[in-house]
Amino acid sequence: MANEDRKNFNARMKDSKNMPKIVELDDEAAKKWGGKSMVIAPPIDYDEVIKKIPKGKVITTNEIRKYIARKYNTELTCPLTAGIFINICAWASYQRTENITPYWRVLKKDGELNAKYPGNLELQKRKLEEEGHIVISKGTKNIRYFVENYENNLFKL
């Protein structure tokens, strides 16, 4: 995202734009995504889920998507909009001074930190470490950060 300081992410998060929307996928798309029915859930749904994650716990975007698919009785949640809407929730929380959403507890698959969150990787890394997690780096040129043994602290929805 660009020009985050000029965007009102709280308004974006609350704008449902005719969502949720249930989409029936054709055979080719169903084979690619692993299901025939897919939900495009509104951003506020992601915010509600993220607020459930207690201090010291983490969750992956994939687990959030599975939960939302169950909520709407579909086989999957749109991965593209899920990523976008989780980022909107992160930026919306960052713009607020109260009713904070602990977006830093949401990891990419395999426990990776998300460079698109506010404050880049450093803010997420610091907040996770403050909650007792160990953040490790992998790679030499394209360094990526992960929560060590994140599976042991996964929040179950």
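This is a predicted model: local features need pLDDT of at least 70, side-chain atom pairs count only at pLDDT 80 or more; totals for chains, interfaces and linings use all residues.
1. Helix H5 covers residues 79-95, 17 residues in total. From its first C-alpha to its last it reaches 25 Å, close to the 24 Å expected at 1.5 Å a residue.

2. The largest nonpolar core has 40 residues, and Tyr 46, Ile 64, Val 106 and Leu 128 have the most contacts inside it. Two or more residues come from each of H1, E2, H3, H4, H5, E5 and helix H6 (120-130). H5 gives the most to this core, with 8 residues. In soluble globular proteins, nonpolar side chains tend to be buried together.

3. Tyr 46 can be followed in more detail. Leaving aside residues up to four places away in sequence, Tyr 46 touches Ala 41, Ile 64, Ile 68, Thr 77, Cys 78, Ala 82, Phe 85, Ile 86 and Cys 89. Ile 64 is another of the residues with the most contacts inside the core.

4. The model has an open sheet of 3 strands in the order E1-E2-E4, with mixed pairing. Its edge strands are E1 (21-24) and E4 (76-77), each of which pairs on one side only. E1 and E2 run antiparallel over 4 bridges, whereas E2 and E4 pair in the parallel sense over 2 bridges. As for residues facing each other across the strands, Lys 21 stands opposite Ile 40 in E2, and Val 39 stands opposite Thr 77 in E4.

5. In a regular strand the side chains alternate between the two faces of the sheet. In E2, Ser 37 and Val 39 point one way, while Met 38 and Ile 40 point the other way. Are these residues of E2 buried or exposed? All are buried.

6. The count of aromatic pairs comes to 5. In one of them, the rings of Trp 91 and Tyr 94 have their centres 5.6 Å apart and their planes at 80 degrees, so the pair is edge-to-face; the cut-off for that class is over 60 degrees. Both residues lie in H5, 3 residues apart, about one turn of the helix. Trp 91 counts as buried because its relative accessibility is 13%, under the 20% limit. Tyr 94 is partly exposed, with a relative accessible area of 45%. Together with Phe 9, Trp 91 and Tyr 94 form one aromatic cluster.

7. The charged end of Lys 127 sits over the ring of Trp 104, at 4.3 Å from its centre. For Lys 138, the ring is that of Phe 146, and the charged end lies 4.5 Å from the ring centre.

Key
Residues are numbered from 1 along each chain as its sequence is written. Side-chain values use heavy atoms; hydrogens and water are left out. The expected span of a helix is 1.5 Å times one less than its number of residues. Rings of Phe, Tyr and Trp (its six-membered ring) pair if their centres lie within 6.5 Å; planes under 30 degrees apart count as stacked, over 60 as edge-to-face and the rest as tilted. Buried means under 20% relative accessible area, exposed over 50%, partly exposed in between (1.4 Å probe, protein chains only). A charge sits over a ring if NZ of Lys or CZ of Arg is within 6 Å of the ring centre and within 35 degrees of the ring normal. Two strands pair if DSSP finds at least two bridges between them. A nonpolar core is a set of buried Ala, Val, Leu, Ile, Met, Phe, Trp, Tyr and Cys residues joined through side-chain atoms within 4.5 Å. Contact means heavy atoms within 4.5 Å.
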